[in-house]
Amino acid sequence: MLLEIQDLSGGYGGRDVIHGISCCAGAGEILCLVGPNGCGKTTLFRLLLGTLPVSGGSIRMDGRETSGLTPRELANLAAYIPQAHAPVFEYTVLEIVMMGRASHFSAFDAPKAVDRDAAFAALEKLRAAPLANRKYTSLSGGQRQLVLIARAVCQAAKIFLMDEPAANLDYANQQLLLEAAGELAGNGRCVVMSTHSPEHPASIGHKALLMRDGRAEAFGTPRDVLVPDALERAYGIEMDVVAVRDRYGKERLICLPVKR
């Protein structure tokens, strides 16, 4: 397994926000974190990234305990794609993507030709090479998310942590982003993606972790996790789960809030 979380607890301000969570994901898998606002998805990411203290349990990445890793070693294993990113300076897209190479050279080195080539290659993988010379600040929300994913690809990490990347995107850009996540997994990476939409794990996820109040309500395959009883406990409202087939015959799960 590329990512193993065992009985993990931690938080901030002297108190635990995450309580005893266990889950795992391997190469080629997408693990989707689902749950209401405030359930602890972002805090879990911060524990994985080492920016918040772990009070109990363990995190293993590629077989190594993260508590014993240096920041550079952790950066070479896990790449973080935030929900939003607004740089102060007007960097070009290529410059933003090359920042993903920072863990591969010292603070006193300038990026080299190999780093520039890696940045172009990452953009090409995401079909975003035409954006290379554009100002990052001029891009749409969907384009920015693709660039941030390209930066993570350029980082050459094995695990991608995507914090609600589809938030505030329209349907077309959400689809582009989900396809990009699927391609990353198809290339042998492990993708951990938080989302507000229960349909996302049903569409592209191999595993799902449903969270409530900093705890795991359910963990397993999307079909096993996304069931009415568990969703109702997590979200506090009645929900139905309906299976339909699209025009190409693929079965899709749709989660519907209902009211008597």
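Visitor: Which residue just after H9 takes a positive phi?
Guide: Gly236 does, with a phi of about 75°. Bear in mind that this is a predicted model.

Visitor: Which residues of helix H9 are buried?
Guide: H9 covers residues 228-235, and Ala230, Leu231 and Ala234 are buried in it.

Visitor: Why do they line one face of the helix?
Guide: Looking down the axis of H9, the buried residues fall within an arc of 95°, so they share one face. As a general point, an α-helix has 3.6 residues a turn, so residues three or four places apart point the same way.

Visitor: And what covers the buried residues of H9?
Guide: The cover includes strands S9 (207-212), S10 (215-220) and S11 (239-245), along with helix H8 (222-225) and strand S12.

Visitor: Is Asp62 buried or partly exposed?
Guide: Asp62 is partly exposed, at 33% relative accessible area.

Visitor: What about Arg127, where is that?
Guide: Arg127 is in the loop between helix H4 (113-125) and H5. Its phi is also positive, near 55°, and Arg127 is not a glycine either. Arg127 is exposed, with a relative accessible area of 55%.

Visitor: New topic, pockets. How much space lies in the largest pocket?
Guide: About 340 Å³.

Visitor: Which elements each supply at least two residues of its lining?
Guide: Helix H6 (171-186), helix H7 (199-204) and strand S12 (251-257). The lining includes Tyr171, Gln174, Glu199, His200, Arg252 and Leu253.

Visitor: How does that lining split by class?
Guide: Six residues are nonpolar, four are polar and two are charged.

Visitor: And the second largest pocket, what volume does it have?
Guide: Its volume is about 230 Å³. Among the residues lining the second largest pocket are Leu49, Pro71, Tyr80, Arg151 and Gln155. Helix H2 (71-77), strand S6 (78-81) and helix H5 (141-154) each give two or more residues to that lining.

Visitor: How many of its lining residues are nonpolar, polar and charged?
Guide: Nine are nonpolar, two are polar and one is charged.

Visitor: Where does Lys250 sit?
Guide: Lys250 is in the loop between S11 and S12. Lys250 is partly exposed, with a relative accessible area of 44%.

Visitor: What is Lys250 in contact with, leaving aside neighbours within four places in sequence?
Guide: Ser203, Val244 and Arg245. Ser203 and Val244 are also among the residues that line the largest pocket.

Visitor: How far apart are the C-alpha atoms of Lys250 and Cys24?
Guide: They are separated by 27 Å, and the two residues are 226 residues apart along the chain.

Visitor: Speaking of cysteines, how many disulfides are there?
Guide: The count is zero. For Cys23, the nearest cysteine sulfur belongs to Cys24 and is 6.9 Å away. For Cys190, the nearest cysteine sulfur is again that of Cys24, at 9.3 Å. A disulfide would need the sulfur atoms within 2.5 Å.

Visitor: Are Cys23 and Cys190 buried or exposed?
Guide: Cys23 counts as buried, at 5% relative accessibility. Cys190 is buried as well, at 0%.

Note on methods:
Residues numbered from 1 in each chain as written. Predicted model: local features only at pLDDT ≥ 70, side-chain atom pairs only at ≥ 80, totals over all residues. Heavy atoms only, no water. 1 Å grid on protein atoms, 1.4 Å probe; cavity = no way out; pocket = protein on both sides within 12 Å on 5 of 7 lines; lining within 4 Å. Points joined across faces, edges and corners; volume = space filled by probe spheres on them. Helix = DSSP H or I, 4+ residues; strand = E, 2+ residues; numbered from the N terminus. Nonpolar A, V, L, I, M, F, W, Y, C, P; charged D, E, K, R; others polar. Buried < 20%, exposed > 50% of the residue type's maximum accessible area, 1.4 Å probe, protein only. Arc of directions from axis to C-beta. Contact = heavy atoms within 4.5 Å.
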